[in-house]
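Visitor: I would like a close look at one part of this structure. Please take me through it step by step.

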Amino acid sequence: MKRLVKWLVLASFLVALAAVFTPAAVAQTPTATGTPVTLAVFDPTGAYEVTNLHAQRLSTLNDKVVCEISSYNWEWDRTFPVIRELLQKQFPTVKVVPWDKMGINSREDEENHVLLKKMVAEKGCQAAIIGNAG
Amino acid sequence: MILTRQTFSGQVLAAVQGQGFGPEAPIVTEWPTTMWLTGADLTPLREGIDKIVYGLTKWQAKITQKGQISQGAKIKVTGKDYQNALDNLGVMFLKNDWGDGLPIVPAIQDRVDWIMTGTDLKPDAKVGPGKILPKGGLATVQACAVALAMAGGRPEELPVLIASVEAMTDPAAKHESWVATTRSAFAVVVVNGPITKQVRLGSRYGVMGPIPKYPSSSTIGRALSFLLRIQGGTVPGSGSMAIFGFMRHANAVLAEDEFGIKDLKGWPTLAVERGFKPEENVVTVFPSVTAHQTQFHQAFGPTPDLEEIQFLNRMAADLGAPGLIGGYIAENKNPNVYSGAFMLSYNMCRLLSGMGWDKKKVVDYVREQMKPTWESLVKNGRVDPKAAPTEIKNAPPMLIVAGGDQGNQGCALMAYGNHVTTSAKVQLPAKWDDLLKQAESDLGPLPALVNT
């Protein structure tokens with residue numbers, strides 16, 4: 001009898017052990033793979049530097065000089081005249097310097113930047129529309 | 001006020017930030033892409049004029065002071081256990097457009113400190129000009145170490161990554177252009193010097209990676225991708241408009257097969273060709289828009305030397321395929337401008353050398369073969385058919401890199417326009433030998449090259 005009880009106890013223990021270590025049981029037991037964890041990782045975005053500030057907006061475009069600076073891309077020769085026409089309709093005294101009168105483009109190089117600054121000053125630009133990007 | 005098409009506002013915003021303005025700009029985003037195509041209906045523009053007026057008169061910048069802005073040093077991620085915390089970290093990275101879909105190694109303090117043993121530079125030291133464009137996130141040594149940690153890298157790889165970033169961000173290379181363009185360019189990083197026998201970079205079979213025995217190609221390349229995406233903002237469809245986006249998981253980071261060409265007369269390594277000494281560790285970076293393998297052994301020449309000519313002709317046809325028009329029409333005066341690269345297996349280099357071809361002769365011959373006719377340019381819409389034919393110049397020279405294994409093969413790494421190639425020296429830390437010993441202890445002996 002004692003031997004039978006021993007076997008029953010051992011069998012019960014083995015069944016319980018098997019139940020605990022089946023994959024499903026492991027997944028349902030939070031402590032099977034450890035305790036709650038907090039990872040403190042470096043923010044990968046690091047840092048950036050603000051070296052330029054956007055210009056203040058104009059309160060109105062009337063009596064102001066708005067310059068068109070073209071990338072010579074993506075239908076600039078069709079979109080700028082439309083914008084010009086609509087701005088002049090809304091602000092009758094705005095002066096728009098068309099892209100082909102600026103004699104520059106928005107190309108990204110040092111030589112062009114120098115020329116761009118010169119032309120913006122020469123034409124008295126108080127606002128600029130740059131396009132078309134893409 | 002900046003006009004752009006829908007879906008490009010993220011890229012323009014990144015470019016504005018890269019110019020030092022912070023992450024904000026008056027951009028009208030709602031106009032459809034189709035409005036910018038030839039002869040398109042401009043009604044959306046007419047209906048959206050108030051948005052332009054708003055951008056010129058009402059929009060206000062939130063950032064009103066200059067200075068460095070840090071996004072915070074540490075992020076905390078929790079989980080019911082370690083694996084769950086890792087999973088949550090991966091999800092958070094994906095939600096922020098930082099991840100690449102593969103598991104992220106947590107860049108915890110200990111791991112980043114370990115990676116930082118790969119350099120004697122200070123964590124906040126700027127690498128090269130200090131910005132990764134178009135977005136302009138700061139390229140610091142710590143940013144490199146964090147990216148390498150996330151990529152699963154090791155300290156001895158950090159000097160190569162830092163040099164790669166330095167070369168890539170050299171202003172002459174204009175990386176802001178090729179990382180953001182629709183043309184799907186990727187970085188090719190070629191490492192030369194004694195370090196190629198110390199750091200586990202692939203140079204032979206499967207050189208474009210990944211290679212389990214040479215994991216550094218993958219980890220350095222993946223770290224570079226993290227830096228481009230997170231610091232540079234080149235998230236597909238936002239900061240990068242690469243239509244197909246080749247090799248964006250890990251770029252192409254490799255060691256030139258210096259051993260394979262070491263005895264060949266007239267076949268200097270890429271770094272030596274670019275003015276460095278053989279004992280210097282150098283990283284050279286250039287963009288490529290795709291890679292195409294050309295086989296030698298399907299040539300039908302009656303003699304071996306004619307077969308070689310046929311092979312080079314095929315390579316010229318492959319390399320000349322993309323738009324290299326600038327190089328053909330205008331005289332190229334920049335000695336650092338190249339029209340793509342050939343990667344030649346060491347057997348191919350030896351075969352050519354045995355037949356009396358050196359690097360220069362190969363380049364001169366191929367440039368001549370790449371030259372298209374005016375008629376072919378007209379046919380492909382590359383020149384104005386109404387224009388008077390002009391003299392077509394040779395394309396700029398191409399780089400030749402020894403790489404790949406024993407077959408007689410070549411690989412054309414197609415040019416992104418006429419790119420400027422840049423190099424940087426690798427700076428090793430004082431305790432370099434200790435790092436290499438540790439790597440050998442962790443990973444086992446450096447695997448020997450096959451057939452050497």
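Visitor: Which polar atom lies 3.3 Å from the backbone nitrogen of B:A187, and to which residue's side chain does that atom belong?

Guide: This is a predicted model, so keep that in mind throughout. The polar atom belongs to the side chain of B:N251, and it lies 3.3 Å from the backbone nitrogen of B:A187. B:N251 sits in the loop between α9 and β8 of chain B. Is it buried or exposed? B:N251 has a relative accessible area of 5%. Buried means under 20%, so B:N251 counts as buried. Now look at what surrounds it. Leaving out residues up to four places away in sequence, B:N251 touches B:F186, B:A187, B:M208, B:G221, B:L224 and B:S225.

B:M247 counts as partly exposed, because its relative accessibility is 30%.

B:I243 is in contact with B:T182, as are B:F8, B:M241 and B:A242, with neighbours within four places in sequence left aside. B:T182 lies between α8 (175-178) and β7 (186-192) of chain B. B:T182 is partly exposed, with a relative accessible area of 31%. Finally, compare sequence with space. B:T182 and B:P236 are 54 residues apart in sequence, and their C-alpha atoms are 9.9 Å apart.

How values were computed
Residues are numbered from 1 along each chain as its sequence is written. Chains are lettered from A and ligands numbered from 1 in the order in which they are written. This is a predicted model: local features need pLDDT of at least 70, side-chain atom pairs count only at pLDDT 80 or more; totals for chains, interfaces and linings use all residues. Side-chain values use heavy atoms; hydrogens and water are left out. Buried means under 20% relative accessible area, exposed over 50%, partly exposed in between (1.4 Å probe, protein chains only). Helices (H or I, at least four residues) and strands (E, at least two) are DSSP runs, numbered from the N terminus. A polar contact is a pair of N or O atoms within 3.5 Å; within protein, one must be able to donate a hydrogen and the other to accept it, and residues adjacent in sequence count only if both atoms are side-chain atoms. Contact means heavy atoms within 4.5 Å.
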